[in-house]
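Please have a look at the structure first.

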Amino acid sequence: MKADRLVATLLFLQARGRVTVRQVAEELEISERTARRDLEALSAAGVPVYSQRGRGGGWSLVGGARTDLTGFTQREIGALFLAAGPLSASPELRAALRKLVQAVPAPMRTHAEAASKALVVDGLDWSRAAVRAAGGPHHHALEQAVLDRVRITVGYADEGAPRQEWTVDPLGLVCKAGRWYTVAADGEGLRSFLHTRVTSVTVTGEPARRPEGFDLAEAWQELAAEAERRLRATTVRAAAGPAAVPGLRELLGDRLRTGELRPDGRCEIEADGPSVEILVAQLAGAGTDVEVLEPPEARARLARLGQELAAAHGGAPGGGSPAPRNESHFPLGTYYVEDASVDDVTERSTVRPSRRRPRQRLSTPYVPYRGAVS
(Lines give C-alpha, C1' and ligand atoms only; values in the text may rest on other atoms or scores of the structure.)
Protein backbone atom coordinates (compact mmCIF):
# COMPACT_ATOMS: atom_id res chain seq x y z
CA MET A 1 0.00 0.00 0.00
CA LYS A 2 1.16 3.54 -0.79
CA ALA A 3 0.73 4.72 2.81
CA ASP A 4 3.03 1.95 4.03
CA ARG A 5 5.62 2.85 1.41
CA LEU A 6 5.53 6.50 2.39
CA VAL A 7 6.12 5.66 6.05
CA ALA A 8 8.93 3.28 5.12
CA THR A 9 10.48 5.93 2.87
CA LEU A 10 10.36 8.51 5.66
CA LEU A 11 11.96 6.11 8.13
CA PHE A 12 14.65 5.25 5.57
CA LEU A 13 15.39 8.96 5.15
CA GLN A 14 15.69 9.36 8.90
CA ALA A 15 18.06 6.41 9.18
CA ARG A 16 20.34 7.43 6.28
CA GLY A 17 20.16 11.23 6.44
CA ARG A 18 20.51 11.58 2.65
CA VAL A 19 19.42 9.02 0.07
CA THR A 20 19.15 8.72 -3.68
CA VAL A 21 16.10 7.58 -5.62
CA ARG A 22 17.95 4.39 -6.53
CA GLN A 23 18.71 3.61 -2.87
CA VAL A 24 15.05 4.07 -1.92
CA ALA A 25 13.97 1.83 -4.80
CA GLU A 26 16.41 -0.91 -3.78
CA GLU A 27 15.51 -0.72 -0.09
CA LEU A 28 11.74 -0.92 -0.68
CA GLU A 29 11.98 -3.18 -3.74
CA ILE A 30 10.07 -0.80 -5.99
CA SER A 31 10.84 0.94 -9.27
CA GLU A 32 12.86 4.19 -9.32
CA ARG A 33 9.87 5.93 -10.87
CA THR A 34 7.65 4.88 -7.94
CA ALA A 35 10.35 5.87 -5.44
CA ARG A 36 10.59 9.35 -6.98
CA ARG A 37 6.80 9.79 -6.89
CA ASP A 38 6.74 8.75 -3.22
CA LEU A 39 9.46 11.27 -2.30
CA GLU A 40 7.58 14.00 -4.12
CA ALA A 41 4.35 12.97 -2.38
CA LEU A 42 6.04 13.37 1.02
CA SER A 43 7.14 16.86 0.09
CA ALA A 44 3.64 17.75 -1.18
CA ALA A 45 2.13 16.49 2.09
CA GLY A 46 4.20 18.99 4.09
CA VAL A 47 7.02 16.69 5.20
CA PRO A 48 10.23 18.79 5.07
CA VAL A 49 11.85 16.72 2.34
CA TYR A 50 14.00 18.38 -0.30
CA SER A 51 16.26 17.25 -3.14
CA GLN A 52 19.69 18.45 -4.16
CA ARG A 53 21.03 17.93 -7.66
CA GLY A 54 24.57 17.19 -8.73
CA ARG A 55 27.38 15.05 -7.38
CA GLY A 56 26.76 14.08 -3.74
CA GLY A 57 23.17 15.17 -3.99
CA GLY A 58 20.01 13.29 -3.15
CA TRP A 59 16.97 13.59 -0.93
CA SER A 60 17.10 14.54 2.75
CA LEU A 61 15.03 16.02 5.58
CA VAL A 62 15.36 19.73 6.22
CA GLY A 63 17.31 20.34 9.39
CA GLY A 64 17.44 16.61 10.17
CA ALA A 65 13.73 16.55 11.02
CA ARG A 66 12.62 13.27 12.58
CA THR A 67 9.47 11.36 13.53
CA ASP A 68 10.68 9.23 16.42
CA LEU A 69 8.84 6.73 18.56
CA THR A 70 8.55 8.90 21.66
CA GLY A 71 7.67 7.98 25.20
CA PHE A 72 9.54 4.65 25.20
CA THR A 73 12.29 3.98 27.71
CA GLN A 74 15.34 1.96 26.77
CA ARG A 75 14.12 -0.98 28.85
CA GLU A 76 10.69 -0.85 27.19
CA ILE A 77 12.23 -0.84 23.72
CA GLY A 78 14.51 -3.72 24.71
CA ALA A 79 11.54 -5.77 25.94
CA LEU A 80 9.62 -5.05 22.73
CA PHE A 81 12.45 -6.15 20.44
CA LEU A 82 13.26 -9.16 22.61
CA ALA A 83 9.70 -10.38 22.04
CA ALA A 84 9.67 -9.48 18.34
CA GLY A 85 13.00 -11.09 17.52
CA PRO A 86 12.02 -14.79 17.49
CA LEU A 87 8.68 -13.97 15.85
CA SER A 88 10.22 -12.19 12.86
CA ALA A 89 10.22 -15.21 10.55
CA SER A 90 7.31 -13.93 8.48
CA PRO A 91 7.92 -11.18 5.89
CA GLU A 92 5.45 -8.86 7.60
CA LEU A 93 7.17 -9.12 10.96
CA ARG A 94 10.63 -8.70 9.43
CA ALA A 95 9.45 -5.53 7.71
CA ALA A 96 7.86 -4.24 10.92
CA LEU A 97 11.01 -4.96 12.90
CA ARG A 98 13.13 -3.11 10.32
CA LYS A 99 10.86 -0.07 10.50
CA LEU A 100 10.94 -0.08 14.28
CA VAL A 101 14.73 -0.26 14.36
CA GLN A 102 14.91 2.72 12.02
CA ALA A 103 12.27 4.66 13.96
CA VAL A 104 13.67 4.45 17.48
CA PRO A 105 15.91 7.30 18.63
CA ALA A 106 19.52 6.83 17.55
CA PRO A 107 20.96 6.42 21.08
CA MET A 108 18.62 3.46 21.64
CA ARG A 109 19.00 1.82 18.23
CA THR A 110 22.00 -0.32 19.14
CA HIS A 111 20.22 -1.60 22.23
CA ALA A 112 17.11 -2.41 20.17
CA GLU A 113 19.09 -4.30 17.50
CA ALA A 114 20.92 -6.30 20.20
CA ALA A 115 17.64 -7.19 21.91
CA SER A 116 16.12 -8.42 18.64
CA LYS A 117 18.98 -10.94 18.33
CA ALA A 118 19.18 -12.01 21.97
CA LEU A 119 16.61 -14.83 21.92
CA VAL A 120 16.46 -18.08 19.97
CA VAL A 121 13.40 -20.35 19.81
CA ASP A 122 14.28 -23.99 19.08
CA GLY A 123 11.39 -25.83 17.45
CA LEU A 124 12.60 -29.35 18.32
CA ASP A 125 12.49 -31.23 21.60
CA TRP A 126 15.39 -33.35 22.85
CA SER A 127 14.22 -36.31 20.80
CA ARG A 128 14.51 -34.14 17.66
CA ALA A 129 10.75 -34.27 17.18
CA ALA A 130 8.79 -31.17 16.28
CA VAL A 131 7.52 -29.42 19.37
CA ARG A 132 3.77 -29.81 19.90
CA ALA A 133 3.58 -26.09 20.54
CA ALA A 134 4.30 -25.15 16.92
CA GLY A 135 1.74 -22.96 15.23
CA GLY A 136 1.27 -25.39 12.34
CA PRO A 137 1.27 -24.71 8.58
CA HIS A 138 -1.96 -22.69 8.69
CA HIS A 139 -1.06 -20.43 11.63
CA HIS A 140 -0.46 -17.38 9.44
CA ALA A 141 -3.74 -17.84 7.54
CA LEU A 142 -5.70 -18.08 10.81
CA GLU A 143 -3.93 -15.04 12.20
CA GLN A 144 -4.67 -13.05 9.05
CA ALA A 145 -8.34 -14.09 9.11
CA VAL A 146 -8.66 -12.75 12.65
CA LEU A 147 -7.01 -9.46 11.70
CA ASP A 148 -9.04 -9.08 8.49
CA ARG A 149 -12.28 -10.13 10.24
CA VAL A 150 -13.37 -12.43 7.42
CA ARG A 151 -15.39 -15.63 7.65
CA ILE A 152 -13.44 -18.82 6.94
CA THR A 153 -14.02 -22.52 6.42
CA VAL A 154 -11.68 -24.55 8.63
CA GLY A 155 -10.71 -28.15 7.94
CA TYR A 156 -9.89 -29.91 11.19
CA ALA A 157 -8.47 -33.38 11.82
CA ASP A 158 -8.82 -34.67 15.37
CA GLU A 159 -6.56 -37.58 16.22
CA GLY A 160 -8.58 -40.76 15.92
CA ALA A 161 -11.52 -38.98 14.27
CA PRO A 162 -12.39 -38.21 10.63
CA ARG A 163 -11.61 -34.81 9.14
CA GLN A 164 -14.39 -32.26 9.58
CA GLU A 165 -15.11 -28.76 8.31
CA TRP A 166 -16.68 -25.75 9.97
CA THR A 167 -17.54 -22.34 8.56
CA VAL A 168 -16.84 -19.92 11.38
CA ASP A 169 -16.29 -16.28 12.27
CA PRO A 170 -12.75 -16.00 13.73
CA LEU A 171 -12.75 -13.80 16.82
CA GLY A 172 -9.30 -14.01 18.35
CA LEU A 173 -6.07 -15.90 18.94
CA VAL A 174 -4.96 -17.51 22.21
CA CYS A 175 -1.54 -18.93 23.05
CA LYS A 176 -1.83 -21.35 25.97
CA ALA A 177 1.43 -22.87 27.20
CA GLY A 178 2.97 -22.28 23.76
CA ARG A 179 0.08 -23.86 21.84
CA TRP A 180 -1.92 -21.62 19.51
CA TYR A 181 -5.72 -21.67 19.33
CA THR A 182 -8.23 -19.69 17.28
CA VAL A 183 -11.46 -18.84 19.07
CA ALA A 184 -14.36 -18.64 16.60
CA ALA A 185 -18.16 -18.50 16.52
CA ASP A 186 -20.21 -20.87 14.36
CA GLY A 187 -23.75 -19.67 15.07
CA GLU A 188 -24.32 -22.18 17.88
CA GLY A 189 -21.70 -20.82 20.24
CA LEU A 190 -17.92 -20.68 20.45
CA ARG A 191 -15.30 -23.19 19.37
CA SER A 192 -11.55 -23.30 19.84
CA PHE A 193 -9.34 -24.75 17.10
CA LEU A 194 -5.84 -26.01 17.92
CA HIS A 195 -3.67 -24.69 15.09
CA THR A 196 -1.54 -27.80 14.71
CA ARG A 197 -4.65 -29.82 13.85
CA VAL A 198 -6.04 -27.42 11.26
CA THR A 199 -5.70 -28.99 7.80
CA SER A 200 -7.04 -26.16 5.64
CA VAL A 201 -8.24 -22.56 5.82
CA THR A 202 -10.46 -21.14 3.08
CA VAL A 203 -11.59 -17.51 3.05
CA THR A 204 -15.27 -17.27 2.10
CA GLY A 205 -15.18 -13.60 1.16
CA GLU A 206 -17.89 -12.73 3.70
CA PRO A 207 -17.23 -10.42 6.64
CA ALA A 208 -17.02 -12.09 10.02
CA ARG A 209 -19.82 -11.33 12.47
CA ARG A 210 -18.64 -10.44 15.94
CA PRO A 211 -21.08 -11.11 18.81
CA GLU A 212 -22.18 -7.98 20.59
CA GLY A 213 -20.19 -7.38 23.74
CA PHE A 214 -17.67 -10.15 22.93
CA ASP A 215 -14.56 -10.17 25.10
CA LEU A 216 -11.80 -12.62 24.10
CA ALA A 217 -10.22 -12.96 27.54
CA GLU A 218 -13.56 -13.65 29.19
CA ALA A 219 -14.58 -16.12 26.48
CA TRP A 220 -11.31 -18.02 26.81
CA GLN A 221 -11.67 -18.26 30.57
CA GLU A 222 -15.04 -19.95 30.12
CA LEU A 223 -13.70 -22.30 27.43
CA ALA A 224 -10.68 -23.15 29.58
CA ALA A 225 -12.86 -23.76 32.62
CA GLU A 226 -14.95 -26.22 30.63
CA ALA A 227 -11.81 -28.03 29.43
CA GLU A 228 -10.55 -28.18 33.01
CA ARG A 229 -13.85 -29.63 34.17
CA ARG A 230 -13.63 -32.39 31.56
CA LEU A 231 -10.06 -33.16 32.60
CA ARG A 232 -11.31 -33.85 36.14
CA ALA A 233 -14.38 -35.93 35.31
CA THR A 234 -13.08 -39.06 37.09
CA THR A 235 -11.02 -39.64 40.23
CA VAL A 236 -8.93 -42.70 41.08
CA ARG A 237 -7.57 -43.40 44.56
CA ALA A 238 -4.33 -45.35 44.88
CA ALA A 239 -1.29 -46.07 47.05
CA ALA A 240 2.06 -45.03 45.56
CA GLY A 241 5.61 -45.75 46.57
CA PRO A 242 7.94 -42.77 47.19
CA ALA A 243 9.77 -43.34 43.90
CA ALA A 244 6.58 -43.07 41.84
CA VAL A 245 5.23 -39.79 43.20
CA PRO A 246 7.66 -37.37 41.45
CA GLY A 247 6.96 -38.92 38.05
CA LEU A 248 3.21 -38.86 38.59
CA ARG A 249 3.43 -35.25 39.76
CA GLU A 250 5.21 -34.28 36.54
CA LEU A 251 2.65 -36.15 34.44
CA LEU A 252 -0.54 -35.05 36.21
CA GLY A 253 0.40 -31.69 37.71
CA ASP A 254 -2.20 -30.41 40.17
CA ARG A 255 -4.54 -33.23 39.18
CA LEU A 256 -2.52 -35.37 41.62
CA ARG A 257 -3.14 -34.98 45.34
CA THR A 258 -1.08 -36.72 47.99
CA GLY A 259 -2.35 -37.80 51.39
CA GLU A 260 -0.97 -39.47 54.51
CA LEU A 261 1.75 -42.07 54.61
CA ARG A 262 0.57 -45.63 55.13
CA PRO A 263 2.29 -48.04 57.56
CA ASP A 264 4.00 -49.76 54.61
CA GLY A 265 5.71 -46.50 53.61
CA ARG A 266 3.49 -45.83 50.61
CA CYS A 267 1.60 -42.58 50.14
CA GLU A 268 -2.12 -42.33 49.52
CA ILE A 269 -2.86 -40.41 46.33
CA GLU A 270 -5.88 -39.23 44.37
CA ALA A 271 -5.62 -38.60 40.64
CA ASP A 272 -8.13 -36.82 38.39
CA GLY A 273 -8.60 -37.48 34.70
CA PRO A 274 -11.11 -37.39 31.85
CA SER A 275 -11.85 -41.12 32.10
CA VAL A 276 -10.98 -44.27 34.04
CA GLU A 277 -9.27 -45.70 30.94
CA ILE A 278 -6.83 -42.82 30.61
CA LEU A 279 -6.05 -42.66 34.32
CA VAL A 280 -5.38 -46.41 34.42
CA ALA A 281 -3.02 -46.12 31.44
CA GLN A 282 -1.12 -43.30 33.14
CA LEU A 283 -0.81 -45.06 36.48
CA ALA A 284 0.18 -48.33 34.81
CA GLY A 285 3.47 -46.75 33.76
CA ALA A 286 4.59 -46.81 37.38
CA GLY A 287 4.28 -50.61 37.54
CA THR A 288 4.03 -52.13 40.99
CA ASP A 289 4.99 -48.82 42.63
CA VAL A 290 1.31 -47.87 42.35
CA GLU A 291 -1.65 -49.93 43.58
CA VAL A 292 -5.07 -48.69 42.50
CA LEU A 293 -7.53 -48.96 45.39
CA GLU A 294 -10.78 -47.63 43.93
CA PRO A 295 -13.06 -47.40 42.08
CA PRO A 296 -13.44 -51.16 41.48
CA GLU A 297 -13.70 -50.72 37.69
CA ALA A 298 -10.27 -49.07 37.68
CA ARG A 299 -8.75 -52.06 39.48
CA ALA A 300 -10.46 -54.44 37.05
CA ARG A 301 -9.22 -52.53 34.02
CA LEU A 302 -5.68 -52.40 35.37
CA ALA A 303 -5.72 -56.16 36.06
CA ARG A 304 -6.95 -56.80 32.52
CA LEU A 305 -4.25 -54.61 31.09
CA GLY A 306 -1.64 -56.54 33.07
CA GLN A 307 -2.94 -59.83 31.69
CA GLU A 308 -2.80 -58.50 28.12
CA LEU A 309 0.75 -57.27 28.58
CA ALA A 310 1.82 -60.57 30.13
CA ALA A 311 0.25 -62.50 27.25
CA ALA A 312 1.97 -60.31 24.67
CA HIS A 313 5.42 -60.23 26.29
CA GLY A 314 5.61 -63.34 28.43
CA GLY A 315 6.94 -65.68 25.72
CA ALA A 316 9.64 -65.51 23.10
CA PRO A 317 9.48 -62.50 20.75
CA GLY A 318 6.99 -63.16 17.97
CA GLY A 319 5.71 -66.34 19.55
CA GLY A 320 2.85 -65.00 21.61
CA SER A 321 -0.75 -64.61 20.59
CA PRO A 322 -1.83 -61.02 20.08
CA ALA A 323 -4.63 -59.64 22.17
CA PRO A 324 -8.02 -59.89 20.42
CA ARG A 325 -8.63 -56.84 18.28
CA ASN A 326 -11.02 -54.17 19.57
CA GLU A 327 -11.21 -55.76 23.00
CA SER A 328 -8.60 -53.67 24.79
CA HIS A 329 -9.58 -50.16 25.73
CA PHE A 330 -6.39 -49.07 27.45
CA PRO A 331 -4.51 -46.21 25.79
CA LEU A 332 -0.78 -46.67 26.12
CA GLY A 333 1.54 -43.68 26.22
CA THR A 334 1.47 -40.22 27.68
CA TYR A 335 -1.79 -38.33 27.82
CA TYR A 336 -1.31 -34.58 27.58
CA VAL A 337 -3.45 -32.15 29.52
CA GLU A 338 -4.07 -30.10 26.38
CA ASP A 339 -5.54 -33.11 24.57
CA ALA A 340 -8.78 -33.20 26.55
CA SER A 341 -11.79 -33.85 24.40
CA VAL A 342 -15.45 -34.74 24.39
CA ASP A 343 -17.27 -37.50 22.55
CA ASP A 344 -19.50 -36.39 19.67
CA VAL A 345 -17.99 -32.92 19.35
CA THR A 346 -20.02 -32.33 16.18
CA GLU A 347 -23.37 -32.63 17.97
CA ARG A 348 -25.21 -29.29 17.87
CA SER A 349 -27.67 -27.90 20.35
CA THR A 350 -31.08 -26.90 19.03
CA VAL A 351 -31.13 -23.90 21.35
CA ARG A 352 -29.73 -20.77 19.73
CA PRO A 353 -27.75 -18.66 22.19
CA SER A 354 -28.52 -15.02 22.77
CA ARG A 355 -26.66 -12.58 20.61
CA ARG A 356 -25.20 -10.72 23.55
CA ARG A 357 -24.01 -13.75 25.48
CA PRO A 358 -23.39 -16.68 23.12
CA ARG A 359 -23.31 -20.10 24.65
CA GLN A 360 -19.68 -20.97 25.35
CA ARG A 361 -18.69 -24.22 23.82
CA LEU A 362 -15.41 -26.04 23.57
CA SER A 363 -14.20 -27.54 20.33
CA THR A 364 -11.47 -29.57 21.94
CA PRO A 365 -8.65 -31.24 20.07
CA TYR A 366 -9.85 -34.81 19.81
CA VAL A 367 -11.67 -37.72 21.35
CA PRO A 368 -8.92 -39.29 23.44
CA TYR A 369 -7.84 -42.72 22.35
CA ARG A 370 -11.07 -43.63 20.60
CA GLY A 371 -10.52 -46.86 18.80
CA ALA A 372 -8.50 -48.66 21.45
CA VAL A 373 -5.06 -50.13 21.25
CA SER A 374 -5.38 -53.57 19.80
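Is Glu308 buried or exposed? Glu308 is buried, with a relative accessible area of 17% (buried means under 20%, exposed over 50%, partly exposed in between, with a 1.4 Å probe and protein chains only). This is a predicted model, in which local features need pLDDT of at least 70, side-chain atom pairs count only at pLDDT 80 or more, and totals for chains, interfaces and linings use all residues. Residues are numbered from 1 along each chain as its sequence is written, and side-chain values use heavy atoms, leaving out hydrogens and water.

**Strands** (DSSP runs of E, at least two residues; helices are H or I, at least four; both numbered from the N terminus)
- Strands S4 (residues 150-156) and S5 (residues 164-176) run antiparallel, joined by 5 bridges (pairing takes at least two DSSP bridges).
- S5 is also joined to the antiparallel strand S6 (residues 179-185), by 7 bridges.
- S5 and S6 form a hairpin with 2 residues between them, and Ala177 in the turn has a positive phi of about 50 degrees.

**Salt bridges** (a Lys or Arg side-chain nitrogen within 4 Å of an Asp or Glu carboxyl oxygen)
- The whole structure holds 21 salt bridges.
- Asp169 and Arg209 form one of 3.9 Å, N to O; Asp169 lies in strand S5 and Arg209 in the loop between strand S8 (198-207) and helix H8 (216-231), so the pair ties together parts 40 residues apart in sequence.
- Asp169 is buried at 6% relative accessibility, whereas Arg209 is exposed at 58%.
- Glu308 meets Arg304 at 3.4 Å, N to O; both lie in helix H11, 4 residues apart, about one turn of the helix.
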